[in-house]
Amino acid sequence: MKTRSRSHLIASSLAFALAASMAVPIAAAPALARETAVAPEKNPPGDIPDSQVFVEYKSPFGFAMKVPEGWARADRADGARFSDKYNIIDLAVSKADQAPNATIAKTREAAELQKGGHAVAIKTVKDVKLKSGPAVLVSYASNSAPNAVTGKQIRLEHDRYLMFRNGTLVPLDLSAPLGADNVDQWRLMSNSFHWQ
């Protein structure tokens, strides 16, 4: 009888210890951490070659611009995206009541980028003049979306231009791995933008 009671007591103690070790109080669960910036690549891929050929893309939304020939293109209901590895050109179209300026973009666009992006760090927001007319340039850095297979992220740099005409706002986002040398190619593309 004593043996059975002792065995029963040991089994009950083990079951209780096991249940206690598996229980995690809700209050002790860690909060979701904010995403932090990943370190830039030492030799970033992503330079657009000087020999790159550009072709004209005509949007159904009333504008056109030059894009690199051979890049993958994905059309969306609100625009289009062109990509080659981590190099991305993203065009989105929306309605707007007024033309953007640097002051408005600092509070609206910058805040939206930081809220919806991956560890976004705004560098500058300024009014600029393109061949198509006035625009706002938001320069910032962010992490890439995680790679679908490896989960790896890299640090990207972006130049986001905001163009406006007759109630239509077109953000043009040019991005590449941080440290890539695409200054001339990005200037060519942004200045090629024109309304039709």
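In helix H3 (residues 109-116), the buried residues are Glu109, Ala110 and Leu113. They sit on the same side of H3, because they cover an arc of only 100° around the axis; that arc is taken from the directions from the helix axis to the C-beta atoms. Here, buried means under 20% relative accessible area, exposed over 50%, and partly exposed in between (1.4 Å probe, protein chains only). Helices (H or I, at least four residues) and strands (E, at least two) are DSSP runs, numbered from the N terminus.

A quick note on the source: this is a predicted model, where local features need pLDDT of at least 70, side-chain atom pairs count only at pLDDT 80 or more, and totals for chains, interfaces and linings use all residues. Residues are numbered from 1 along each chain as its sequence is written, and side-chain values use heavy atoms, with hydrogens and water left out.

What about the other face of H3? Turned away from the buried side, that face carries the exposed residues Glu112, Lys115 and Gly116. The cover over the buried residues of H3 includes helix H2 (102-107), S7, S8 and S9, with contact meaning heavy atoms within 4.5 Å.

Now for the strands. Strand S8 (residues 133-143) is largely enclosed by the rest of the structure, because 10 of its 11 residues are buried. A hairpin of 2 residues links S7 to S8. Two strands pair if DSSP finds at least two bridges between them.

| Pair | Sense | Bridges | Facing residues |
|---|---|---|---|
| S8 and S9 (residues 155-165) | antiparallel | 8 bridges | Val138 with Arg160 in S9 |
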